[in-house]
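The structure comes before the notes.

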Amino acid sequence: AERRRARSIAVRARRFLRSGLAFTKTVSTRGKTVAAHCTTRCTTLGARACAPLYDCASTYAARSCLLTLRVAEFNNRTASRLFAFINTPIKPATARSQLKAVLRQELRMRPSLLRDARKGKLALDDACLERYLAAAKWSLDFPDRPVVDAIGATAAWRASTVAARAPDSIRAEPAWRRFFWSAGVKTRRKEAVLVLHARHAVDAPLSHLIRVIEGGCRSTQRACVVLDARGAPSSSLFDVAKKMQKALPVFQAHYPGRLGRVVVLEGGRPVSLIWGVLSKLCDEEAKARIAFVDSLDQLDAIVSVAELNGRDAVFAETSRLAQESQAEAPHTLYL
């Protein structure tokens with residue numbers, strides 16, 4: 001019934017637009033005819049006055065037609081949301097469950113979106129809808145577009161991106177894996193751990209970055225990024241940020257609500273000073289998601305270091321080199 005209703009609305013809108021364009025064309029043709037008649041039988045001044053008047057009338061008719069069409073589209077969207085609120089079964093439900101019902105109703109009215117979601121393997125379940133609504137602060141609209149349009153853009157992107165719908169088919173070079181890879185470990189909050197090694201920063205392609213993100217989000221709803229800066233200079237963090245810059249717009253647009261926490265391991269004093277300045281410009285939610293740890297003992301409170309050493313060979317190698325350099329460091333005896 002919803003599909004038939006959507007088709008009937010589309011057919012009526014198309015007919016309305018065709019009739020408006022036909023009326024515009026008729027008025028413009030009539031204006032040219034009257035101008036030619038005035039040229040032959042009347043003065044040239046009358047012809048010059050008639051043609052612009054008919055052109056203005058046809059332009060006004062076309063703009064009125066388009067404006068009416070936009071108003072009708074807005075009224076249709078508002079009415080569908082209102083009817084979805086009214087037709088929602090009365091349960092001991094909250095406003096959030098009603099928002100999910102309205103969003104699911106809007107998704108059903110877009111067959112092309114559902115087709116792209118099936119092709120791109122985007123599961124439009126309750127968890128997915130809750131993530132988008134939470135990113136929109138539990139509203140049906142983002143500041144720039146509706147939530148249903150954002151989901152449609154993600155579905156179309158996944159349908160056209162091989163790395164998103166079939167990440168296992170993307171080839172991964174050893175150098176890319178040493179830079180950014182999914183460790184297969186979860187944090188204490190059950191978030192998937194994605195490890196960035198600053199010592200092995202390379203220009204990995206966007207397809208590899210998407211594959212790692214998909215691998216981390218496959219088993220859980222959120223991902224935790226651990227930036228291992230041990231054995232790397234302080235400037236390497238800015239190098240890593242520059243190499244990951246191309247993945248940030250994709251992550252923000254198509255993975256809302258996926259980022260749980262960012263942990264920087266032994267970032268150094270310059271990075272801590274810079275973060276002390278930038279943290280004053282961030283809100284409390286952003287501050288809670290970024291953590292700086294100076295030792296493996298502090299990291300163990302977030303994620304098991306033993307599991308990281310067992311699952312991630314690069315992390316274990318960095319830990320071994322750090323222990324060897326610490327053992328070889330000269331000790332000063334103060335008397």
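H3 passes H6 in a right-handed crossing, where the near helix is turned clockwise from the far one by less than a right angle. This is a predicted model, in which local features need pLDDT of at least 70, side-chain atom pairs count only at pLDDT 80 or more, and totals for chains, interfaces and linings use all residues. Residues are numbered from 1 along each chain as its sequence is written, and side-chain values use heavy atoms, leaving out hydrogens and water. Helices (H or I, at least four residues) and strands (E, at least two) are DSSP runs numbered from the N terminus.

**Helix pair**
- The axes of H3 (residues 95-108) and H6 (residues 147-160) are 10 Å apart and meet at an angle of about 55°.
- Leu103, Glu106 and Leu107 of H3 are in contact with Val147, Val148 and Ile151 of H6 (heavy atoms within 4.5 Å).

**Strands**
- Strands E3 (residues 223-228) and E4 run parallel, joined by 6 bridges; pairing takes at least two DSSP bridges.
- Cys224 stands opposite Arg261 in E4.
- E4 also pairs in the parallel sense with E5 (residues 290-293), over 4 bridges.
- Leu265 has Val293 in E5 as its bridge partner.
- Strand E4 (residues 259-265) is largely enclosed by the rest of the structure, because 5 of its 7 residues are buried (under 20% relative accessible area, 1.4 Å probe, protein chains only).

**Cysteines**
- Cys128 counts as buried at 1% relative accessibility, and Cys217 counts as buried at 9%.
- The count of disulfides is 0, a disulfide being a pair of cysteine sulfur atoms within 2.5 Å.

Conventions: Buried < 20%, exposed > 50% of the residue type's maximum accessible area, 1.4 Å probe, protein only. Axes fitted to C-alpha atoms, helices over the stretch in contact; angles between N-to-C directions.
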